[in-house]
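Have a look first, and then we can go through it piece by piece.

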Amino acid sequence: MRYKRGKYTKYRLMAKSPELAAAIPSFRKFTLNNFQTLLNRYERVIVKPSCGWGGAGVIAVTKQGDGSCLVHKDRRVRIKSSAESAYAYLKRYTRGKTYIVQRKIALATVKGRPFDLRVMVQRDRSGKWVVTGKLAKVAGSGYIITNIRRSRGRVLPFAAAIERSNIEGRSAGEIARDIGRISLAAARHLQTCYSIRTVGFDIGVDSRGRVWIIEPNFRPDISLFRKLKDQSAYRRIRSFMRKRAT
């Protein structure tokens, strides 16, 4: 069976795994009923295109106590009087494409700016999945998205980001073990549906140190790792890609 490569299909496939289901923020196709349901349940949601990339089209919606909604796109925030009004406004961006509404995870922050992690998972020559690199992507000022180009953010080494963050109660080592377990399990699960040898996972960590799968990328941008002072992860990732080609 041939599976689509959009986010919605990947989420559905991963959610079938008992090991992964708890690490995937609740998601549904973007309809008025689904939007209202998740917004009422979580108060903060993300609306994004199933086939988008680079943070394009990602919009956050926050429900206020009076029923109005804050709609946050890039650095602009609009106020809509109700969920219905917010939905009508957001429909302008869908243009007939499949969009997803998903619970918004309150990402951990560094100096008040949210960050997530890019975790590279690759298969070695024996077919075993290995974590070959990870770094933090810190959003630019005023942005909700962590895409470096779009938000004019910056990268940090994984351990440095955890150490400087507002995460309490868990060490970088404990979080790294959870990330490794979840990322490797997700890669193995996705491998049963797709022909893949490299996955760049966007992984979220909340202020309590809980690990979430934001999305898997089958063609990840590895140039982010060149921005780190320590180039060892970039060389390792490149080495795995060269071995794949031989």
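Which residue in E6 is the bridge partner of Lys-29? In strand E6, that partner is Ile-100. Before going on, a word on ground rules: this is a predicted model, where local features need pLDDT of at least 70, side-chain atom pairs count only at pLDDT 80 or more, and totals for chains, interfaces and linings use all residues. Numbering runs from 1 along each chain as its sequence is written, and side-chain values use heavy atoms, with hydrogens and water left out.

**Around strand E6**

Helices (H or I, at least four residues) and strands (E, at least two) are DSSP runs, numbered from the N terminus. Two strands pair if DSSP finds at least two bridges between them. Strand E1 (residues 27-29) runs antiparallel to E6, with three bridges joining the two. On E6 you also find strand E2 (residues 44-49), again antiparallel, and here there are five bridges. One of the residues involved is Ile-46, whose bridge partner in E6 is Gln-102. E6 itself (residues 99-103) is mostly covered, with four of its five residues buried. Buried means under 20% relative accessible area, exposed means over 50%, and partly exposed is in between (1.4 Å probe, protein chains only).

**The nonpolar cores**

A nonpolar core here is a set of buried Ala, Val, Leu, Ile, Met, Phe, Trp, Tyr and Cys residues joined through side-chain atoms within 4.5 Å. In soluble globular proteins, nonpolar side chains tend to be buried together. The largest core in this model has 41 residues, and Phe-115, Leu-117, Phe-201 and Ile-213 have the most contacts inside it. At least two residues each come from helix H1 (7-15), strands E8 (113-123) and E9 (129-138), helices H5 (158-164) and H6 (172-191), and strands E11 (198-205) and E12 (211-217). H6 gives the largest share, eight residues.

Take Ile-213 as a way in. Setting aside neighbours within four places in sequence, its contacts (heavy atoms within 4.5 Å) include Met-14, Leu-20, Ile-182, Ala-186, Phe-201 and Asp-202. Apart from this core lies another one of 17 residues, among them Phe-30, Leu-38, Val-61 and Val-71.

**Charged pairs**

How many salt bridges turn up in a search of the whole structure? The search finds seven, a salt bridge being a side-chain nitrogen of Lys or Arg within 4 Å of a carboxyl oxygen of Asp or Glu. Some of them are listed here:

| Pair | Closest N to O distance |
|---|---|
| Asp-74 and Lys-73 | 3.7 Å |
| Asp-202 and Arg-118 | 2.9 Å |

Lys-137 sits in strand E9 and Asp-116 in strand E8, so their bridge ties together parts that are 21 residues apart in sequence. Both Lys-137 and Asp-116 are buried. Asp-202 and Arg-118 are also both buried. With Asp-202 in strand E11 and Arg-118 in strand E8, that pair links distant parts of the chain, 84 residues apart. Salt bridges that share partners join Asp-116, Arg-118, Lys-137 and Asp-202 into one network. Asp-74, for its part, is partly exposed, with a relative accessible area of 21%.

**Two loop residues**

Ser-68 belongs to the loop between strands E3 (59-63) and E4 (69-73). Is Ser-68 buried or exposed? Ser-68 counts as buried because its relative accessible area is 9%. Its side chain makes a polar contact of 2.6 Å with the side chain of Asp-66. (A polar contact is a pair of N or O atoms within 3.5 Å; within protein, one must be able to donate a hydrogen and the other to accept it, and residues adjacent in sequence count only if both atoms are side-chain atoms.) Beyond four places in sequence, Ser-68 also touches residues including Thr-62, Ile-79 and Ser-82.

Thr-192 is in the loop between H6 and E11 and is exposed, at 61% relative accessible area. A polar atom of the Thr-192 side chain lies 2.5 Å from the backbone oxygen of His-189.

**Cysteines**

Searching the whole structure gives zero disulfides, with a disulfide taken as a pair of cysteine sulfur atoms within 2.5 Å. For Cys-51, the nearest cysteine sulfur is that of Cys-193, 16 Å away. Cys-51 is exposed, with 66% relative accessible area, while Cys-69 is buried at 0%.
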